[in-house]
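Hello,

Here is the structure for you to look over. My notes follow below it.

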Amino acid sequence: MRRTTGLLFATAAAAALSVTAASAADLPAAYKAPVVVDQPWTGGWQVRARALAVLPKDSVDLNVAALGAAGNLPDTGSVSTTVIPEIDISYYFTPNIAAELILGVTPHKVRGEGRLAGLDIGETWLLPPTLTLQYHFTNFGAFQPYIGAGVNYTVFFNTSGANTTTLVPLGVPVAVTSLSLKNSWAPAVQIGFDYMLNKNVGLNFDVKYLWLSSDVTATLNNALAVTGKANLDPLLIGGGVTYRF
């Protein structure tokens with residue numbers, strides 16, 4: 001009797017296992033363990049395309065040595081704001097640590113202020129590559145803020161005096177017949193964020209500040225030498241699209 005009962009239990013257990021295996025094989029895909037298709041990004045290359053507003057500080061101090069004390073002209077110039085397309089390239093050493101290089105060129109007009117009000121001083125182009133080391137915060141989900149600091153080197157090119165004669169508040173007609181600005185290094189800081197729409201694509205907003213100044217040399221009326229300093233200290237505000245490889 002005992003042998004018969006044991007045989008019945010063994011047969012029932014085998015049948016139950018067979019049915020369970022067959023049922024699992026027949027389950028719809030929706031009931032099976034999920035398959036991971038999108039792993040967290042672990043670092044690598046990233047590019048951004050942004051619209052960038054460059055807002056220089058309006059402070060240009062000039063001096064005309066030949067005029068003595070009357071030639072000391074503080075706050076007599078301003079540099080125009082401009083908006084340009086900009087590209088930056090970043091490399092993430094880890095999901096948190098990255099280096100960013102921005103690339104772009106910006107045109108600017110320089111105009112007289114104060115005792116030189118109304119004078120068209122000239123124009124210049126800036127090539128301001130800026131390299132920053134960043135820390136990215138990744139514990140807020142799709143919202144990923146960051147901070148950074150680094151260095152800028154600005155190259156001034158295609159710089160020219162306006163050569164337009166204007167009667168300025170000094171009481172004399174003046175024309176800037178030549179203009180030059182010296183290339184310069186500057187420290188840079190930044191703050192911004194990416195909002196990732198998926199693993200690869202996101203939206204970006206970024207603000208940078210550069211402590212940038214340049215030595216100015218110019219000539220008035222083809223005769224008077226001018227020296228000075230342009231305290232540009234631009235604020236750079238950008239927004240655009242992020243793509244991670």
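**The pocket and what surrounds it**

The largest pocket has a lining of 11 residues, and W41, T138, Q144, M196 and R244 lie nearest its centre. A pocket here is an open set of points on a 1 Å grid over the protein atoms alone, with protein on both sides within 12 Å along at least five of seven lines; lining residues have an atom within 4 Å of a point. The space in this pocket is about 200 Å³. Such a volume is the space filled by probe spheres set on the points, with grid points joined across faces, edges and corners. The pocket lining divides into 5 nonpolar, 4 polar and 2 charged residues. Ala, Val, Leu, Ile, Met, Phe, Trp, Tyr, Cys and Pro count as nonpolar, Asp, Glu, Lys and Arg as charged, and the others, Gly among them, as polar.

This is a predicted model, so to speak of local features takes pLDDT of at least 70, and side-chain atom pairs count only at pLDDT 80 or more, while totals for chains, interfaces and linings use all residues. Residues are numbered from 1 along each chain as its sequence is written, and side-chain values use heavy atoms, with hydrogens and water left out.

**Overall**

The chain has 1 helix and 17 strands. These are DSSP runs numbered from the N terminus (helices H or I, at least four residues; strands E, at least two). Of its 245 residues, 36% count as buried, meaning under 20% relative accessible area; exposed is over 50%, and partly exposed is in between (1.4 Å probe, protein chains only).

**Cavity and core**

The whole structure holds 4 cavities of 30 Å³ or more. A cavity is a set of points where a 1.4 Å probe fits but cannot get out.

The largest nonpolar core has 31 residues. Such a core is a set of buried Ala, Val, Leu, Ile, Met, Phe, Trp, Tyr and Cys residues joined through side-chain atoms within 4.5 Å. L62, L119, V176, L179 and L232 have the most contacts inside it. L62 touches residues including L73, L116, V216 and V226; contact means heavy atoms within 4.5 Å.

**H108**

H108 sits in strand 6 (residues 106-112). It counts as buried because its relative accessibility is 3%. Its side chain makes a polar contact with the side chain of T106 (2.8 Å). A polar contact is a pair of N or O atoms within 3.5 Å; within protein, one must be able to donate a hydrogen and the other to accept it, and residues adjacent in sequence count only if both atoms are side-chain atoms. A polar atom of the H108 side chain also lies 2.7 Å from the backbone oxygen of S80.

**Loops**

T94 lies between strand 4 (82-92) and strand 5 (97-103). T94 is partly exposed, at 32% relative accessibility. A polar atom of its side chain is 3.0 Å from the backbone nitrogen of I97.

N222 and D233 both need a look. Phi of N222 is near 60°, and phi of D233 is near 40°. N222 is exposed, at 65%; D233 is buried, at 14%.

Best wishes

Key:
Lists of a residue's contacts leave out its neighbours within four places in sequence.
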